[in-house]
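Visitor: I am new here and would like to know what stands behind the words you use. Could you show me the structure and take my questions one at a time?

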Amino acid sequence: MRRIRPRGGVRSALLIVFCLVAASLVSAQTAVANSQLQFTLEASSVRIGGTVRVTEVDPCPPPVVDDMGTSYGYVSFTLRDANGVTQGGGRAELDPNGHWGQALVGVSARSVVALNPPAYREAPSPGQGFLMARCVVPGVNDSYIGQNLSLTGSSAHLVVGTGTVGKHLHITPSEPCPMGATQAYVLTDDEDTNNLNQSVTVNADGSWEMDLNIPDWHPAHRISIAAGCVTAGFSYDGVIAELVYDSHRYVAMGDSYSAGVGTFNYDASSGSCMRSPASYASYVASQRENMGTPYFVACGGATTADLYGQNPSTGEPRQLDALTHDTRYVTLTVGGNDVGFKEVMERCANWFRNSGWGCANDTTLRGTLTQRFAALAGTATATSPDGRQITPLAGVFSDIAAASPGVKIYVGGYPRLFGASVSDYTSNSSAPGGAQCIAATGMTISFSDAQWLNQLADDLNGIISNAVDEANVGGANVAFVDPGLFNGHGLCDSDTAWINGVVLDSSNNPQAESMHPTAEGYSVGYGPAFAAMVN
């Protein structure tokens, strides 16, 4: 007898088979996802802005290869902070067998998301994060077991000033790259097409700084800056900088003798730089209408290092940044702080903190000065009293000329601080040379030491003058401004002193104005001397 099969029996059987297969596939996929695909972390915590290395334990399914031979498949990593907000990640490509080996997963530093108005995507706060990974292969959605990853510390940041179009923007990190970094990179974005990318070699200790070149065609407005360390996988906080057009036709740079220290009349906004409206720069500008108002960057205590780098104590930007392609005049005095005249004066003074005269015969002091003079002359290397490298003066003048083609540079010498005749001193048979100069109440300088200090000023002026000649041979346009108008106007001299004595505060601490020109010294000593040279 024929067996009668129910209608749709074949379809029902196929459906049963399909369901079994599907169940098997789902079970298999669940088994893969729950068969505990794993990875390992090289560390249980990572600094914000840094990276952590992830190593494969289990591979992904093999990538899919299309008819053109193109492979599709990778591992995607997602890092979330304690609030569940995505704060970093990365990806790793798969080989033909689904292996990915190792990958670096980064923690986002602060980033700029808008320039007008400025807005940031803040970095995560330190706390417990969670790292997830999954296999991204067509038709596959296998996930790895996530792992806790503590987010610690805070990301480093960048120190930037205002950039000048046609010049550069100086960038310094708040801390060096981690060990292993080979280069630092800087990326900019102005929300248009005017992006600037530049890299710099990292020093052995991880330190770096960069002059980001701003071409003439770049518009002046805000830009965002991102930076990081290559190989070490370390990101700095994103910042916003301003690019400006600024002619700076006349730039007054250099040290305290150019800032106007000693006038007791300072621009409050200049802080410890003590820039004075009574400096010689203001006088010169008033005598030469075509110079314009001086752009004032001279700073009390400045050395040659302050022309090239941000001052680590005051945060004052490097002075060379003030120069532009439109700068036509530069005046400066430089070198006295590299030599350490302040420290020399304190050694030469006979007072309760330094009993006795005779600094001129101090062989250790003489050896230090000889080395520093040679460094300014370019025949040796040395550091200034603050520990920073001394740059040869001829190189300083040449670098100013290179930064501002067509500029005329006027470099002032340093006046003699003391009179040349023993008759103008107070007689004292105990003092070397038989006389002393009273620099302050309870403080004297012997005649012999005073003449040695005058000779040091002459020697430094000789080095400055020679450096001017050397820079001119190299194509610069530099003039030496002789301080001869001060002759006869030192301390213990034949005429009214244009030099302040040692100025002490209530605790008997020497103040910055000590041994600097008076207001009259700037207006009738330095001012006319510079103005006579400027053309």
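Visitor: Why is Tyr-526 called buried?

Guide: Buried means under 20% relative accessible area, exposed over 50%, and partly exposed in between, with a 1.4 Å probe and protein chains only. Tyr-526 has 1% relative accessibility, so it counts as buried. A word on the source: this is a predicted model, in which local features need pLDDT of at least 70 and side-chain atom pairs count only at pLDDT 80 or more, while totals for chains, interfaces and linings use all residues. Residues are numbered from 1 along each chain as its sequence is written, and side-chain values use heavy atoms, with hydrogens and water left out.

Visitor: Where does Tyr-526 lie, and what is it in contact with?

Guide: Tyr-526 belongs to helix H10, residues 519-533. Helices (H or I, at least four residues) and strands (E, at least two) are DSSP runs, numbered from the N terminus. Contact means heavy atoms within 4.5 Å. Leaving aside neighbours within four places in sequence, the contacts of Tyr-526 include Tyr-257, Tyr-280, Tyr-414 and Phe-486.

Visitor: Why is Thr-496 called partly exposed?

Guide: Thr-496 has a relative accessible area of 47%, so it is partly exposed. This residue sits in the loop between strand E29 (478-481) and H10. Neighbours within four places aside, Thr-496 is in contact with Gly-488, His-489 and Glu-520.

Visitor: What makes the link between the side chains of His-168 and Asp-321 a polar contact?

Guide: A polar contact is a pair of N or O atoms within 3.5 Å; within protein, one must be able to donate a hydrogen and the other to accept it, and residues adjacent in sequence count only if both atoms are side-chain atoms. The side chains of His-168 and Asp-321 are joined at 2.7 Å. His-168, in strand E15 (residues 168-173), counts as buried because its relative accessibility is 13%.

Visitor: How do you know that the buried residues of H6 are on the same side?

Guide: In helix H6 (residues 341-348), the buried residues are Phe-341, Val-344, Met-345 and Cys-348. They cover an arc of only 100 degrees around the axis, which puts them on the same side of H6. That arc is taken from the directions from the helix axis to the C-beta atoms. The elements they pack against are helix H5 (336-339), helix H7 (363-377), strand E28 (443-446) and helix H9 (447-473).

Visitor: What makes E27 and E28 a pair?

Guide: Two strands pair if DSSP finds at least two bridges between them. Strand E27 (residues 435-440) and E28 have 4 bridges, in the antiparallel sense. Ala-440 stands opposite Met-443 in E28. These strands belong to an open sheet of 3 strands, in the order E26-E27-E28. Strand E26 (426-427) and E28 are the edge strands, as each pairs on one side only.

Visitor: What is a nonpolar core, and how many residues has the largest one?

Guide: A nonpolar core is a set of buried Ala, Val, Leu, Ile, Met, Phe, Trp, Tyr and Cys residues joined through side-chain atoms within 4.5 Å. The largest has 88 residues, and among those with the most contacts inside it are Met-253, Phe-418 and Trp-452. H9 gives the largest share of this core, 11 residues.
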